[in-house]
Amino acid sequence: MTPHKLSPVHARRVIEARLGREPQDMLEAAVALEAWAGMRALDALGTGRDLMRASRRERQPSIGKLPLPDAQEGLAVEAAAFVVVVISIACWAAPLATTLGAGVVEHGLILALPLTLALQWWLRSRYLGRPKGLAQLGRRPWMLLLGTIALVGIPSALMGLSGTVAGLLTVTWTGGTILIRRRWSLAYAAAVVLATTAMLAGLSALAVLAAIAVATALAVAVAVRSSVTLAGHPPGRMGRAVTAGIIGAGMGVVLVADRSVDWSVGAVPAIALIPSTVASFWGGYHLWQFQYVIPKALSGVAIFNANHRGLGWPPLRILLGAVGRLVLLTALLSAVLLLGASALGMATSGVSVLVGFGLVALATLLVSLLESVGRASWALLSVLCAIAGEAYVRMSDIDPFPGVGLIVGASLAVLVALPAAIGMMSRPARTLATALWIS
Amino acid sequence: MALASVERPAGRTAAAHPRRTAAVRPARPRILLTTEGTYPYAMGGVSSWCDLLVQNLTDFDWQILPIIAPHGRPPTYELPPHAREVGRIELWSEALPEGGWPRPAERKAGTEIPGVLVRNLIGWHGDNESVLNALIWCRRFPVGVRRIFRSRRGWASFLDGLQAVLAERVAEAGSPPEVDLVEAATLYQTLYWVARTAAAPTPPTDVLHVTAAGWAIIPALVHKALHGTPIVLTEHGVYVREAYLAAARSGASPGSRFFATRLARGLARSAYSYADVVSPVTDANAYWEEGLGIDPDKIHVLYNGLSQPPTPSPPPGTLTVVSVGRIDPLKDVHTMLRVAEETLRYVPNAQFLHYGPVTDGEEAYGSSCLTLHEQLGLGDRFRFMGRTSDPNGVVRDADVVLMTSISEGLPMSILEAMGQGRPVVSTGVGGVPDVVKGCGVVTRPGDAHGLAMAVTTLLRNPTLGWKLGQRGHGRLGRIFNESACVEGYRELLFSAATVAVETAAMPARMAA
């Protein structure tokens, strides 16, 4: 092979044939000439420089590659399984209270709800919300085993029977989150329905609760072990996961701190959670599109338009759409619930409690949005405001209607979180660059 | 530029010359080896070379600082007792930096860092000193880096800088594309990781040995600026050239190509500017490096080498053509498949065996190779054999060794072929023509017909093949032998360490 020189015209043709376009700059021209025309480096660099000086190239428009949306297969099945689980678990309160006493169950639930939410948020941030997160969890069998033992053992030692109930409920619910992430929702729902049937059939409620907790823990062990791969993404940052856990615990405290909602009086309070829970499932699913809608809104937009007001509309529409879905579905399902209860002659917790739960769901939606983009301080502030508001209501003995604490606390959280969320969505370029893509 | 006020020991950037006589030598010099996506986590030519030095240069304490994407895999290479990993820079990970937080005045200067980096790394006429000052700031205030890149001011400074770069009108640089905000945000994220790489701590060391003029130079630049430690830069391929080739073949948007190549150019420019010695593995790289502006006095070519194998055995005569290399656009496997298709027309009993995995991130290219394999109807006559742990063994079983790369430094697979006395048919890229001189056939890159004719000739004329193979074996022993390579680096690194000791012994005022 003899290195050779090419005429400028020939050199340009070689480059354009190989690249399928004009060269970007003299270096690209030189690299193409060396790689595909066998020209020596110094000659190629000289020719590339001459070619570029002789050319008048127009600026080319460019559009960046957009991230692909995650596939959301089986969402309807998961949602249905989730509703079945919530309804079934709602039915546990009465048999448990009959067997163990209302006080024991109430204390157990007051501990179990915040603890479960804390663990769910922590798990999601560190493992479950990440690619191959289950595999990472599977590599820590001792953490899972000791965690399960501690979840039951420590509350039992500190609080007695109500602690045991709290621990078993927490293991069952938190384990359920892992099983749902593993796409074993139907199996989990079937197990919960079976346990509910056994309780309603008169078997010892505590024994059934222990059995379902053990079964869930074993299923989790199998689920995570079968997900283990040789390599994978590392788990999420511990500090961030702990913050997420604190936020989750805070939202749990908001749920249980209202004295006017008695969690041990049967299935009613838990069933009252269903409208807002299902609605937040739908709203959250819609809101999650923001991570694809933001880049899409910026695709093809020149950089000097980074602060253009119109850019914020698509992400804002997603936020408002999520809020709208949550509010509308909560209202609709609450109405159905009230009408159903009325038709069956059952007592309900009243409209105000349903409104309170709806506001808590809305606050959770916004807080989780802020946390997911790394604005944890705003999320924490919102939760703290909610707890402070509810504590104020509780200490002031303000009790005009049931659920007033929930309404005040959650409203404060929404008032703090909503402007921050709107601000983020209305400046998509900055949000994408500084929050979404720099975690 | 406000960052110019950053203090560092000026004048401690002693220019080492490899041939300089050592006056004072540390007993066991410490060598900080910075790697980028290679040693000790991935197989390949650069990793093999790193391992050769680390295993054989036992009179140094090796400190390995790999820059990798987080993958959770254990190291591929086991380090000997005199080598240890001194940290790991995981790009695009979630880990937070640890360290100092700037005072208000320093924070204000820091908010300009995204703008400084985009102007001077991406701009055609970037200022290396400004880049260095920005990177030093990142090292001094690691916690501040994330805060700044997540701030409104950081983003605004970046957009200002980017607009200035896109408004540049330099004839040889062509016209920058009209990038969109998605591409801008992607670049912003990349520059954040440049800053994070600079912020990573480096241990006390005597010599900084950098294995590529890209990301691997970043921690070394800062360390040298702060401590005056000399930098030895080894380039296997030419970083800029490979970045341009990868971008050209990627099918990415004009903006993505523009940013990828400009960033590579900006990093390489800084590397060439601050390296005390640049040691390419082949003369062909040296020509590029000179063309890209390195002072020729800094360049010291050190060929790769292999241990002299025993007298080779004749080729097996099974009409087997072997190629060893990753499945990667730079290896031009498409051309290899076309060579096979044409060769099989003349030598229907020939078989082609390709050893090597698909490069991480090039899975689409791997699929395209399989598609072309099917379209050409190669069937069992051309087989992808996957990774091999015995490259010498697979080459020994060949009658001809084929390489179709469009970019190479001094490829180990060719040296291995020569070591086993096998004739080489290759594209004449990088250092290949200098190596294969007289012991194989070299064609232009992408010349499937020329390559196929050469392979056919050698398969039909095994005597000629064996003669070329024997000449290659002799040439390997004379020029490209392992001990010469190792001794060359021993001398170079000792020389650099000596300069470091002399410089460190100077009173600060004299040094300045």
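**Fold and domains of chain A**

Tutor: In this predicted model, contacts in chain A between residues at least 6 apart in sequence can be sorted by how far along the chain their partners lie. The share that joins residues at least 24 apart is 80%.

Student: What does the secondary structure of chain A come to?

Tutor: The count for chain A includes zero strands, and its helices number 19. The radius of gyration is 28 Å, whereas the globule rule gives 22 Å for 439 residues, so chain A is more spread out than a compact globule.

Student: Which element gives the largest share of the side of domain 2 of chain A that touches domain 3 of chain A?

Tutor: The domain assignment places domain 2 at residues 75-236 and domain 3 at 238-439 of chain A, and 30 residues of domain 2 are in contact with 27 residues of domain 3. On the domain 2 side, the elements that give two or more residues are α4 (75-90), α5 (93-100) and α6 (102-128) of chain A. The largest share, 17 residues, comes from α6(A).

Student: How many nonpolar residues does that side of domain 2 of chain A have?

Tutor: Sorted by class, the side of domain 2 of chain A that touches domain 3 of chain A has three charged residues and four polar ones. Its nonpolar residues number 23.

Conventions
Residues numbered from 1 in each chain as written. Chains lettered and ligands numbered in written order. Predicted model: local features only at pLDDT ≥ 70, side-chain atom pairs only at ≥ 80, totals over all residues. Helix = DSSP H or I, 4+ residues; strand = E, 2+ residues; numbered from the N terminus. Rg over C-alpha atoms; globule rule 2.2 N^0.38 Å. Contact = placed C-beta atoms within 7 Å. Domains from an automatic or database assignment. Nonpolar A, V, L, I, M, F, W, Y, C, P; charged D, E, K, R; others polar.
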